[in-house]
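Here is a protein model to look through together. Let's take its open spaces and its packing in turn, as questions and answers.

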Amino acid sequence: MIDLKNKEMKKYKYISRHILLIGLAALFVLPSCEGIFEKALDRADDSREDLAGMLSDPDKIRGMLTASYLGLPMDRSYLYFWTTEESLTDNAFDSQGQSMENWRSGLLSPSFAAIWADRNTGNQYMGPQVGWWGRYWGAIRQCNTLINNVDNITVSEEELPMADRRLMVDEARVLRAFYYIRLISMYGPLPFMYETPDLGYDGWDDVSRPTFQEITDQIVAELDEVIANGNIPMKREPFNTNDKYRVPLSFAYGLRSRVLLYNASPLNNPSGDQAKYAAAAAAAKSFLDLNQYSLESFENTKKMYISNMGENVEATEVIWRYRGQLGQFSNVHGMDLATARPKKSNFPNHKAGETPSQEMVDSYELKNGALIVENYDASHANPTFTAEALAAGYDDENNPYANRDDRFYRDILYNGSTFGQSYQLGPITVWTFLNAPGTGSNGNASSGDDKKTFTGYYYGKDRDPLWYGAGTKGQANARVNQNLILMRYAEIYLNYAEALCGAGRFDEACDALDMTRLRANQPSIRQVPDYMAGNNEWLMKRIHNERRVELVLEDHRFYDIRRWDIISDQNYNTISGMEVEQVGPGEFKHSRYQMPFTWECHNEKYKVLPIPIVDKKLLPNLDQPEAWQ
């Protein structure tokens, strides 16, 4: 019998009839992974299959494992309509209407989640009434269906060996932990459901919120047990793409580090209890001490984002990336080079999509380690620049992009920047000054050409310039890759630095922080112009900034801005852009402006998301977040 370790907090086992008491058949009408799950189920015309029948067929049992993976974002642009989590933060702006506009316009409420948590609008469990709440609770139910029924499998061991069964269960437990971390990072602490409730369950009135520490302890205990079991390989087979789609054990180590750091963060640890930070530091160090991964050389970092699944980027830094190739990423988050002069593409993009905010651009230090902005005014159009930046010659109006962190030139496409070689049509130079043909910019406007940026920038970090060029758009989509990185080793170093700083271990935190800094050819944190030896508050701010830069476009900012409890701070509660005007041959004037779109998604009501009203009525003792009471 597989011990599910359930007895400690029984009253927290169950949650939400609306999402979790849907019949078994409802699980099987969720979108499939390229049809694999539907094929594995061989389901009847009415989409129904009794559980006993499934447990007697090895292919259908494997289909249950496939179903456990369905809650994972297939790629970074998984939100409707082809939008990203990054665009919901102050790192980026996307002019897309529909659910993206609902979100940034401040329409979030208990009766309206604003965001479709899936590209498929036909999926009621991820629609704007429930959003991520439905996505992740539904995924947890799928995991529990497998975990709770593995001992009821009736096929022979020859058809499905016990080792395979143990592996499948532990994979589902790691996935369940991931889904819980997503849920509690959005909606605050929630009960851990070890089992799926019966249809007749009548104990909803007894369900209440645990503390964040309690739910963290349960998640960590689950991950500890999976790690101790050792059923999942530390790394997957490097050149077997089907195997690489499945979760490696290293991801469990990383999740343990992540959830303990979230537990120690200001939102969940307002007293700053150093013991919580120490636990997070120990978890990160236990992963680092395995010596299973290393940081990629800076020159090779871009390949982590644009290599196909057959390439072994997991040998060094990438812990796990998911299956969606998303070759058309630049079509929905890119530039119009078909109308550029000279032309660099035979076809236009569909939309500019996710573009960098000025605040993201400002986060990249000068080459000497100086930060650019000391503080922002209410509009963010007239910031106070740091004395160190001004002393180093920073010129915001005439030459704001000189002498920056090397990651800036890899990640950000700005006026006059280069973006590598197109496919057969030569090198790409990006122009974002007003009225520039092709790429150009809409400038300080609330309407315009959706193929052009509204911020004055485009992202280049995880885009492949070979998407542009000769051939058709279909051929372009087929020749490039953009796989979602769910975790990489740099995060563990940054988790370690933040945890050490919170635990008051200043020098060790500096050493950990230097790992990503030195890799990017930035000076040691002890050598930056405003270095303050022994000042943990100063160091924590630098760690926050380093994390923002290093992990941009990797779906961290949405959670970091919340757990740090700074979402309403004036420095983070709006975004701005840069208008570039050509004033002479090769001469440009740069002017900042507050984004003219309504942007009401960084405030107290967006810090912890509300429980959908359809479930709040069912769960009267599961309190809404403070801002929604």
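The largest pocket has a volume of about 1000 Å³. This is a predicted model, in which local features need pLDDT of at least 70, side-chain atom pairs count only at pLDDT 80 or more, and totals for chains, interfaces and linings use all residues. Residues are numbered from 1 along each chain as its sequence is written, and side-chain values use heavy atoms, with hydrogens and water left out.

Q: Which element gives the largest share of the lining of the largest pocket?
A: A pocket here is an open set of points on a 1 Å grid over the protein atoms alone, where a 1.4 Å probe fits, with protein on both sides within 12 Å along at least five of seven lines; lining residues have an atom within 4 Å of a point. Two or more lining residues come from each of helix 15 (358-363), strand 4 (373-375), helix 19 (489-502) and helix 21 (536-550), where helices (H or I, at least four residues) and strands (E, at least two) are DSSP runs numbered from the N terminus. The largest share, nine residues, belongs to helix 21.

Q: Which residues lie nearest the centre of the largest pocket?
A: The lining has 37 residues in total. Nearest the centre are Lys541, Arg542, His544, Asn571 and Tyr572.

Q: How many residues apart in sequence are the parts tied together by Phe347 and Trp467?
A: Rings of Phe, Tyr and Trp (its six-membered ring) pair if their centres lie within 6.5 Å, and planes over 60 degrees apart count as edge-to-face, under 30 as stacked. Phe347 and Trp467 are edge-to-face, at 5.0 Å centre to centre and 80° between the planes. Phe347 lies in the loop between helix 14 (329-332) and strand 3 (355-356) and Trp467 in the loop between strand 9 (458-459) and helix 18 (473-479), so the parts tied together are apart in sequence by 120 residues.

Q: What is the angle between the planes of Phe408 and Tyr414?
A: Both residues, Phe408 and Tyr414, are buried. Their rings are stacked, with 5.3 Å centre to centre and an angle between the planes of 25°.

Technical notes: Grid points are joined across faces, edges and corners, and a volume is the space filled by probe spheres set on the points. Buried means under 20% relative accessible area, exposed over 50%, partly exposed in between (1.4 Å probe, protein chains only).
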